[in-house]
Amino acid sequence: MSYTTKKIIAGNWKMNMKKSDGLNLIKSIKEASKAIDESKTEFIICPPFTLIDAASEELKGTNIGVGGQDCHTQTSGAYTGNISADMLKDLGAKFVILGHSERREYEKETSEYIAQKAETAIKAGLIPIICVGENLQEREAGLELKVISEQFDKSIPTNEATADNIIIAYEPVWAIGTGKIPTLEDIEKIHNLIQEKSQERFKTKDINILYGGSVKPTNAKDILSLKNVSGALIGGASLKSEDFIAIAKASEEE
Ligand code: PEP
């Protein structure tokens, strides 16, 4: 069984939103989300670490879960500047994004390192949202299936992970923040591949796979109605409550 059968609408706020603007956005998403059918949609908000506590407090009792954007491989210790999975959990987080392409690129995180983080996150009781995706060069060389396959093999921990305690996000790097998206056939092809990989690893194709990369209210319906797309991981459009909720609305229409 996958973690959920509801459509997952997840927002990655990245390094945006100071305290008061962030709180206003959380409140506005909370209010607007009342128009969305709880039985069909699960929301996740991943604000920066500075807002996790406030978000968890504000969203208690709603169908909006809170997630971190990263965590360390260790649960505590001499790791200056880092945040552990246990700390996120302690502040009320249920999820953590791991292996986002911005961390793979700027922080030089490898798939093996991401797998260690994911193992620690699962042990702490968090659901990791593990990101995979090819860059433009790899796409232009026709290597996307190979890259995704390798990232899946190495980024998902061999210990602890099951089909129902992780979420995968397919995020082509060249589609993030660019307004470009793959064709629907291409999205389907990669999501099918991830299902096949899940079948090999977990003996089930029933795993949540989000698509991420320039999801907007205007393209959400087409993307979210693809059979094997369980939801969306949304960057830019998650910073405006109207757009974030409009994407969820579009997923109700499919
Ligand atoms: C992301 O960074 O996870 C993302 C999908 O960004 P955007 O929606 O802005 O492309």
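**Whole chain**

Start with a cartoon of the protein chain, which has 10 helices and eight strands. The radius of gyration is 17 Å, close to the 18 Å that the globule rule gives for 254 residues, so the chain is as compact as a globular protein of that length. Along the principal axes, the C-alpha atoms fill a box of roughly 45 × 45 × 35 Å. Keep in mind throughout that this is a predicted model.

**Helix 1 and helix 10**

Next, select residues 19-32, which form helix 1, and residues 241-253, which form helix 10. The two axes come within 9 Å and cross at roughly 35 degrees. The crossing of helix 1 and helix 10 is right-handed. Now show side chains at the contact: helix 1 contributes Leu25, Ser28, Ile29 and Ala32, and helix 10 contributes Ser241, Phe244 and Ile245. Colour these residues by class and you get five nonpolar, two polar and no charged.

**The largest pocket**

Rolling a probe the size of a water molecule over the atoms shows where empty space is left. Coloured by class, the lining of the largest pocket shows 11 nonpolar, eight polar and five charged residues.

**The largest cavity**

Hide the surface for the last stop. How many cavities of 30 Å³ or more does a search of the whole structure find? The search finds one. The volume of the largest cavity is about 50 Å³. Select Gly99, Ser101, Arg104, Cys131, Val132, Gly133, Gln151, Glu171 and Val173 to display its lining. Helix 4, residues 101-106, supplies at least two residues of this lining, and so does strand 5, residues 127-132. By class, the cavity lining has three nonpolar, four polar and two charged residues.

Technical notes:
Residues numbered from 1 in each chain as written. Predicted model: local features only at pLDDT ≥ 70, side-chain atom pairs only at ≥ 80, totals over all residues. Heavy atoms only, no water. 1 Å grid on protein atoms, 1.4 Å probe; cavity = no way out; pocket = protein on both sides within 12 Å on 5 of 7 lines; lining within 4 Å. Points joined across faces, edges and corners; volume = space filled by probe spheres on them. Helix = DSSP H or I, 4+ residues; strand = E, 2+ residues; numbered from the N terminus. Nonpolar A, V, L, I, M, F, W, Y, C, P; charged D, E, K, R; others polar. Axes fitted to C-alpha atoms, helices over the stretch in contact; angles between N-to-C directions. Left-handed = near helix turned anticlockwise from the far one by under 90°. Contact = heavy atoms within 4.5 Å. Rg over C-alpha atoms; globule rule 2.2 N^0.38 Å.
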